[in-house]
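Hi there,

Here is the structure for you to open on your side. My notes on what turned up are below it.

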Amino acid sequence: MAVVDAPWQIAYEEGEKKVPTTTYQNSLSYHGSAVNVIRFSPSGELLAYGADDGELIIWKMHNTDSGQVWKILNTLSFHRKDVLDLESSTDGTFLISRSVHNSCLIWDVNKGSVHQIVDAHFHYVQGVAWDPLNKYAASLC
């Protein structure tokens, strides 16, 4: 089983030459295959990761009296093989992901379904990005 050691809390101190400190918060255990990419949503409330089995897992943070608990919100399955990159839209409602096949997928995070397949690539898609103004998504192949 793959274990994702996330998240870590970062604390910054005031003043010159202060180095941020990190504190371990949680482990997220789910996958039986390697996890390749992990990204926070813009709000920090969701955490998405992709793995070698083609799945994307979206976790949601819940605050409790004893701290933070992360629970699976959605399991997104459509890629045939390794998910190697993903990025959230600026409002967090969509994800774009890429795998080793020659396409990208745009996901509706709330519905947990594929919104669009972007398959105009001639080779492996090497990276994906979402425009900060939430107007464009980009892919590199």
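Helices (H or I, at least four residues) and strands (E, at least two) are DSSP runs, numbered from the N terminus. This is a predicted model, so local features need pLDDT of at least 70 and side-chain atom pairs count only at pLDDT 80 or more, while totals for chains, interfaces and linings use all residues. Residues are numbered from 1 along each chain as its sequence is written, and side-chain values use heavy atoms, with hydrogens and water left out.

**The sheet**

An open sheet of 4 strands runs in the order β5-β6-β7-β8, with antiparallel pairing; two strands pair if DSSP finds at least two bridges between them. β5 and β8 (67–77) are the edge strands, each pairing on one side only. From one strand to the next, the twist averages 25° (axes are lines fitted to C-alpha atoms, for helices over the stretch in contact, and angles run from 0 to 180 degrees between N-to-C directions). β5 and β6 are joined in the antiparallel sense over 5 bridges, and R39 stands opposite A48 in β6.

**The hairpin**

Strands β9 (residues 83–88) and β10 (residues 94–99) run antiparallel, with 5 bridges joining them. D85 has R98 in β10 opposite. This hairpin has 5 residues between its strands, and G92 takes a positive phi near 80° there.

**The cavity**

How many cavities of 30 Å³ or more does the structure hold? There is 1, and the volume of the largest cavity is about 50 Å³. On a 1 Å grid over the protein atoms alone, a cavity is a set of points where a 1.4 Å probe fits but cannot get out, and lining residues have an atom within 4 Å of a point. Grid points are joined across faces, edges and corners, and a volume is the space filled by probe spheres set on the points.

The residues lining the largest cavity include R39, A48, S41, S88 and G92. β5 and β6 each supply at least two lining residues, and β6 gives the most, with 3.

**S41**

Is S41 buried or exposed? S41 is buried, because its relative accessible area is 8% and buried means under 20% (exposed is over 50%, partly exposed in between; 1.4 Å probe, protein chains only). Not counting residues up to four places away in sequence, S41 touches L46 and S88, where contact means heavy atoms within 4.5 Å.

Best wishes

Technical notes. 1 Å grid on protein atoms, 1.4 Å probe; cavity = no way out; pocket = protein on both sides within 12 Å on 5 of 7 lines; lining within 4 Å.
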